[in-house]
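Thank you all for coming. I would like to walk you through one structure, so please bring it up on your screens.

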Amino acid sequence: MEHADLLPRDAAVQLIDADGAIVTDKDYALPGTDTLLSAYRGLVEGRRINDQASALVRQGRLAVYPSSHGQEACQIGAALAIASDDWLFPTYRDSVAVIARGVAPAEAMVLLKGDWHSGYDVRAHHVAPQATPLATQLLHAVGFAYAAKRRGDDTVVIALCGDGATSEGDFHEAMNFAAVFHVPVVFFVQNNEFAISVPLSRQTAAPSLAHKAIGYGMPGQRVDGNDVAAVLAVLGEAVDRARSGGGPTLVEAHTYRMQAHTNADDDTRYRERAEVQAWVARDPLTRLRMHLTETGALTTELEAEYAEGAERIAAAMRDALNTDTDIDPEDLFRFVTETRSPQLEEQWQLLRGEIERTADATAGGAR
């Protein structure tokens, strides 16, 4: 591949504009109607998941929820771009992608409720645990993909991250290893303009995050992250390249975080409301709805069917999270190592003693 072929475009790939009109592209074809309808269903469900999870945080049923409201095209695009035997390595903000890959909504919320590090069987769904530390999942993804390559498996990995993760050393190490060893992995950076409160301008001086790819010797591409059709087309090309032995690709999706970083964040301290409002017109859900309605593919009946399906998911989330978990404090120590060390046993005995003394004091006060 020539050096020029590694460079991304000056402007992000777009196949459907903000008004729902088709944008003809010489390199990327618009996905078929059935694919776009499946993607639209995913967007409807993803938006409902985001809204319901945010409500559950306010009700105290979730400890935290990093919403992907406005980024659902990236979430659904990543989930649909890979085959059932491929793997997804998500971040803490990628719950919609995790659920779109078949994980039960209640199981996907366990981490964010604070019960376990992961509430689902990663092997059954081919979805790694959601990573809270920035960029650590990229190294895991590259290692997994490299092992699959060594075994001769026909496996591709999509590794998700945000723009803030590109400032981490793990990002560099993962990119460099993947390129040197020609690993079948797609790095999918959801550039939502902010790493918590740090704007992109304080993260990099590069023309774009996708331009970082050429420094490692892999192709990079930019895509309109609010256009699910373009996301599917660009990721699909990168996945096909990886599966055919072409190695890794860095894809940067230009999108926007419409809500605060999490419920613990006050985004009014670092960005203006007018800036957020300007992105409303670029909403991925509205865009695809307009396109599919204009072409006649999206009927009133289908719209109602998708909405009902999304509401069933929201109801399942409410039912699962509106129950109290029976917590065993010893679980903190039970699964650290196969055989508990004397130090861990000592810590458990200290905690157990404290729990018993508290229980005795409470019981005594009640009498």
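Before anything else, helices here are DSSP runs of H or I with at least four residues, strands are runs of E with at least two, and both are numbered from the N terminus. This is a predicted model, in which local features need pLDDT of at least 70 and side-chain atom pairs count only at pLDDT 80 or more, while totals for chains, interfaces and linings use all residues. Residues are numbered from 1 along each chain as its sequence is written, and side-chain values use heavy atoms, with hydrogens and water left out.

Let me begin with helix 9, residues 169-180, where we find Phe-177. At 30% relative accessibility Phe-177 counts as partly exposed, a class lying between buried, under 20% relative accessible area, and exposed, over 50%, with a 1.4 Å probe and protein chains only.

Now to strand 6, residues 220-224, which is largely enclosed by the rest of the structure, because five of its five residues are buried. On one side these are Gly-220, Arg-222 and Asp-224, and on the other Gln-221 and Val-223, so that both faces are covered. From strand 6 the chain passes through helix 11, residues 228-243, to strand 7, in a right-handed β-α-β crossover, meaning that, with the strands pointing away from the viewer, the path from the first strand over the helix to the second runs clockwise.

Finally, how many disulfides does a search of the whole structure find? The search finds zero, taking a disulfide as a pair of cysteine sulfur atoms within 2.5 Å. Cys-74 has as its nearest cysteine sulfur that of Cys-161, 11 Å away.
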